[in-house]
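Here is a short note to read beside the model. Please keep the structure open while going through the points.

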Amino acid sequence: MKATIAVLPGDGIGPEVIAEGLRCLRALAERHGHEFTLTELPFGGAAIDLTGNPLPDETLHACRTADAVLLGAIGGPKWSSPTAKVRPEQGLLALRSALGVYANLRPVKVHPALQGASTLKPEVLEGVDLIFVRELTGGIYFGEKRRDAHSATDVCTYSVREIERIVRTAARLAQRRRGKLVSIDKSNVLETSRLWREVTTRVLRSQFPDVSLEHMLVDSTAMHLIRRPRDFDVLVTENMFGDILTDEASMLAGSLGLLPSASLGEGTRGLYEPIHGSAPDIAGQGIANPCGTLLSVALLLRHSLALESEAAALERAVSEVLERGARTPDIAARGTPALSTREFADAVLSRL
Ligand code: IPM
Ligand code: MG
């Protein structure tokens, strides 16, 4: 097949992990006879340096017309002074919003070979396989912001329609999995959460009677997530709670660098990125974990290009390489040798 992919390496370790993602995409294209047009574009801090704008028009246009967008990471100390006028993060939010990718899927699966890489006890982690469905284009991230000399305000708004569509995405996913949906809110304090709970209950009752629904408060979810992670299947939540809980959940898998994500809207076009950061502390050293990016490439192949067997082949290759003991420093046992980003990807490519 022919496909156009807009590639946004971004900042920090972004370009390093994206380079490996591109190598895998090229290898798969060659093997399976696809023609992928991979167009690299400036984005985030790198684009601020070039143009003053974290999401230049040319980049946005390329993303809007591509079949899929692959993103590394954005941000870093260079652009994050509290008084900065433009920030890399504004570009990411604007891109998510412009592409209409309101559903951010973040699967968390504990690889058996990595049970020891987590700070949690192996017996707690065995068999963990859950997926977060994070609302991505609403809530406090996108509400009005105000600031004067004495105070600051961030407004959190959710409409019924925004809640309905993300809940439907999550419920459909639950139907294909274990039929268990947990909806996370803070309805004991927030009005948006009370609406969230009401709408979720209604959507599930009327359209998904086969899916069991449990409501949980976000603070208690943060606790249960590390106490009994195996009990969770699909979790749906608003933008900021999803941001926080998925960083926490990455520690079940063992490292932030392991988790991929897919951001989807109504069509098949999607935005694919590791769950972040740009890891400025290790940028440029070639030691970042490329797994989150490689697995994001797999999600891209599956969801935007409908290339299921290529996606599965890439996921299998990553899994086998971990199985055989390949480790980047973030997941290597103390005192054991670790591979560079490139070496790890070499191992994956050779299994592909
Ligand atoms: C993420 C990141 C972003 C977010 C930042 C970089 C704006 O933390 O994708 O989780 O908060 O959504
Ligand atoms: Mg985050």
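1. First, a term. A residue is near a molecule or strand if one of its heavy atoms lies within 4 Å of it. Around ligand 1 the residues are Glu 89, Arg 96, Arg 106, Arg 134, Tyr 141, Asp 243, Ile 275 and His 276.

2. On the basis of the note: this is a predicted model, where local features need pLDDT of at least 70 and side-chain atom pairs count only at pLDDT 80 or more, while totals for chains, interfaces and linings use all residues. Residues are numbered from 1 along each chain as its sequence is written, chains are lettered from A and ligands numbered from 1 in the order in which they are written, and side-chain values use heavy atoms, with hydrogens and water left out.

3. Now the oxygen atoms of the ligand. Arg 106 has a polar side-chain atom 2.8 Å from an oxygen atom of ligand 1. Arg 134 also places a polar side-chain atom 2.8 Å from a ligand 1 oxygen atom. For Asp 243, a side-chain N or O atom is 2.9 Å from an oxygen atom of ligand 1. On its own, ligand 1 has 320 Å² of accessible area (Shrake-Rupley method, 1.4 Å probe). The protein covers 85% of that.

4. Next, the domains. The chain is divided into domain 1 (1-103 + 255-352) and domain 2 (119-253), with bounds from an automatic or database domain assignment. Why does ligand 1 lie between them? Both domains give residues to its shell, so ligand 1 lies between domain 1 and domain 2.

5. Last, the interface. The C-alpha centres of the two domains lie 24 Å apart. Twelve residues of domain 1 are in contact (heavy atoms within 4.5 Å) with 14 residues of domain 2. The count of salt bridges between the domains (a side-chain nitrogen of Lys or Arg within 4 Å of a carboxyl oxygen of Asp or Glu) is zero.

Terms used:
A polar contact is a pair of N or O atoms within 3.5 Å; within protein, one must be able to donate a hydrogen and the other to accept it, and residues adjacent in sequence count only if both atoms are side-chain atoms.
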